[in-house]
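My notebook is open and I have a structure to look through. I'll jot down what I look up as I go.

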Amino acid sequence: MKLFSLLLALNVEDYMLPCFTKKIFGFDCLGCGLQRSVAFLFRGDFLAAWEMYPAIFTIIPLFGMLAVDQLVEIKYANKILITLMIASVVLILTNYILKFI
């Protein structure tokens, strides 16, 4: 809980990494918006996190499932992981394409 309070107290945007693809080439990369989306999640603004980077809601469970799968054997872990991976890729690509339309 102290870590969460510390993260809320810090202005996380001051420590975000710049997108080098955007700086060099002038257009967003597939990961643009991920850091800001996580910052919105820390603040509890789930709608803004969805608007910034929709795949965050599949990536977090994916990493959580990968971690749990290393500790505990889950019967349908492969199917769950593949589903989360496919959903993440679809959301990332759809969001990326819609940015340019």
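I started with α5, and its buried residues turned out to be I56, T58, I59, L62 and M65. This is a predicted model, by the way. Next I looked for what covers those residues, and the cover includes α3 (34–43), α4 and α6. I also checked the length of α5: it has 16 residues and reaches 23 Å from first C-alpha to last, close to the 22 Å expected.

Then I moved on to α6, which runs over residues 77–99. Its 23 residues reach 33 Å, close to the 33 Å expected at 1.5 Å a residue.

Which residues of α6 are buried? I found A77, L81, L84, S88, I92 and N95. I noted a general point here: an α-helix has 3.6 residues a turn, so residues three or four places apart point the same way. The buried residues of α6 pack against α4 (46–52) and α5 (56–71).

I picked out L98, which sits in helix α6. Is L98 buried or exposed? Its relative accessibility is 54%, and the cut-off for exposed is over 50%, so L98 counts as exposed.

Last, I looked up aromatic rings: how many aromatic pairs does the structure hold? There are three. In one of them, Y96 and F100 have ring centres 5.0 Å apart and planes at 80°, so I wrote this pair down as edge-to-face.

Key:
Residues are numbered from 1 along each chain as its sequence is written. This is a predicted model: local features need pLDDT of at least 70, side-chain atom pairs count only at pLDDT 80 or more; totals for chains, interfaces and linings use all residues. Side-chain values use heavy atoms; hydrogens and water are left out. Helices (H or I, at least four residues) and strands (E, at least two) are DSSP runs, numbered from the N terminus. The expected span of a helix is 1.5 Å times one less than its number of residues. Buried means under 20% relative accessible area, exposed over 50%, partly exposed in between (1.4 Å probe, protein chains only). Contact means heavy atoms within 4.5 Å. Rings of Phe, Tyr and Trp (its six-membered ring) pair if their centres lie within 6.5 Å; planes under 30 degrees apart count as stacked, over 60 as edge-to-face and the rest as tilted.
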